[in-house]
Structure formats: C-alpha cells, structure tokens
Amino acid sequence: MAEGGRRRREPEPTGTARSSWVVPGGAGAQSLAFTGNARFDVVVGSTLDLNSLTCSAATATNSTAIKTIGIQTYSGAVTLEKDTTLTGSTVTFSSTLDDTGAAGNQSLAVTGNARFDGLVGSTLDLKSLTVSAATAIHTTAIKTNGIQTYSGPVPLEKDTTLTPATVTSASHQD
C-alpha cells in the first residue's frame, strides 16, 4: 500500500503500467499521468472520477469505460480491445486510434468533446464512433465499418475523408 492509502502496481517488466488503483479523495480530486505505455483492464472512475488522465505513449484499453471530470489526453497510438466509453470534458487523440483483432469489432463512444489529430482506423477500422458534444477533426481520415455520430459542432481543419456506412450529425460542419 502506498503513502496516502493509494494502492499502486509496479510497472511490468515490459514497461507497461496496468490500471488497478484506488484513488482517495472526492470525485475529481486526483489526476493520473502515464509516462510510458498504458493498459487499462478495468473500469477507471467506476466509483469516483479522476480529475484528468494523460497517457504519453501507446495505450491499450480492454476496459468498457474510463471516466474523468476534466481532460483525457492520449499522445501515443490507442487500440481498443473492447467497446469503450470515454467520459471527460475533452478527450484528445494525438496519434492513431485503431481496433484490435479483426477490423470493425470495437466501438468508441466519447461523452464530452473530442479531438482527433491522428488517423482513426489507420490499420483496423472501428465498428462505430459516437461523440456527444463538439468534435474537432484535425486528421485526414476517420474510418469505421458502421455509423459515425457527431452530436455537436464538427469543425474540419483539414480535408478529411469519413469512411462509414452512415454519418449522422446533429449540428452543422465548418
């Protein structure tokens, strides 16, 4: 048990840290930053949401949900191993975002604003993509095998190809 009542797991020999923490304090009291690869195998924020989450290298999520009150920033490549919901004020993907296994198996839902700076579906397309608020698209392609749903404004800052069966938007695109 670490100081302050937090339970920590030591990094695995490969340098990949796995999520398994108890965060003391009220909702939004703590932030978590990974300076190496990260892998989430359990729901993060199931009892109390983190304030923010930052992952500086590759991230794999085998979790159905990651919840923060503030931002989530994924600087390295992100792979989804399960259908995942990310909840935060703004969720930023600075690199690629891909499915694992066969293309079109995993869905991503973002509850909050989203920013895509890297290709989505660069190696393996997602099944679907849903964003509940504003979506900033700063990439040249977002590919899914199914529906893409954008519920807020969608400013395009690059020429972008959206490759799905269906794209729906509740707001106008700039």
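**Core, strand pairing and buried threonines in a predicted model**

T130 stands opposite T149 in β15. Residues are numbered from 1 along each chain as its sequence is written, and side-chain values use heavy atoms, with hydrogens and water left out.

Strand β15 (residues 147–150) pairs with β12 in the parallel sense over three bridges. Strands are DSSP runs of E of at least two residues, numbered from the N terminus, and two of them pair if DSSP finds at least two bridges between them. On β12, T130 is also the bridge partner of A109. The strands β11 and β12 run parallel and are joined by four bridges.

The largest nonpolar core comprises 27 residues, of which F40, Y74, F93, L97, L108 and F116 touch the most other members. Such a core is a set of buried Ala, Val, Leu, Ile, Met, Phe, Trp, Tyr and Cys residues joined through side-chain atoms within 4.5 Å; buried means under 20% relative accessible area, exposed over 50% and partly exposed in between, for a 1.4 Å probe and protein chains only. At least two core residues are supplied by each of β3 (38–40), β4 (52–55), β8 (78–80), β9 (84–93), β11 (107–116) and β12 (128–131). The largest share, four residues, comes from β11. In soluble globular proteins, nonpolar side chains tend to be buried together. Residues up to four places away in sequence aside, L108 touches L80, T84, L86, F93, L97, L126, S128, L129 and T130, contact being defined by heavy atoms within 4.5 Å.

Three aromatic pairs are present in the structure. F34 and F40 form an edge-to-face pair, with 5.5 Å centre to centre and 85° between the planes. Rings of Phe, Tyr and Trp (its six-membered ring) are taken to pair if their centres lie within 6.5 Å, and planes under 30 degrees apart count as stacked, over 60 as edge-to-face and the rest as tilted. F34 is buried, with a relative accessible area of 7%, and F40 is buried at 0%. Y74 and F93 form a stacked pair, at 5.6 Å centre to centre and 15° between the planes. This pair links distant parts of the chain, with Y74 in strand β7 and F93 in strand β9, 19 residues apart. Relative accessible area is 2% for Y74, which is buried, and 1% for F93, likewise buried. Together with F116, Y74 and F93 form one aromatic cluster.

T68 lies in the loop between β6 (65–67) and β7 (72–74). Because its relative accessible area is 3%, T68 is classed as buried. The side chain of T68 reaches the backbone oxygen of G70 at 2.9 Å, and a polar contact of 3.4 Å joins the side chains of T68 and Q72. A polar contact is a pair of N or O atoms within 3.5 Å; within protein, one must be able to donate a hydrogen and the other to accept it, and residues adjacent in sequence count only if both atoms are side-chain atoms. Beyond residues up to four places away in sequence, T68 touches D49, L50, N51, S52, L53, T87 and G88.

T61 lies in strand β5 (residues 59–61) and counts as buried at 4% relative accessibility. Apart from neighbours within four places in sequence, T61 is in contact with F40, I66, T79, L80, E81, K82 and T84.

How values were computed:
This is a predicted model: local features need pLDDT of at least 70, side-chain atom pairs count only at pLDDT 80 or more; totals for chains, interfaces and linings use all residues.
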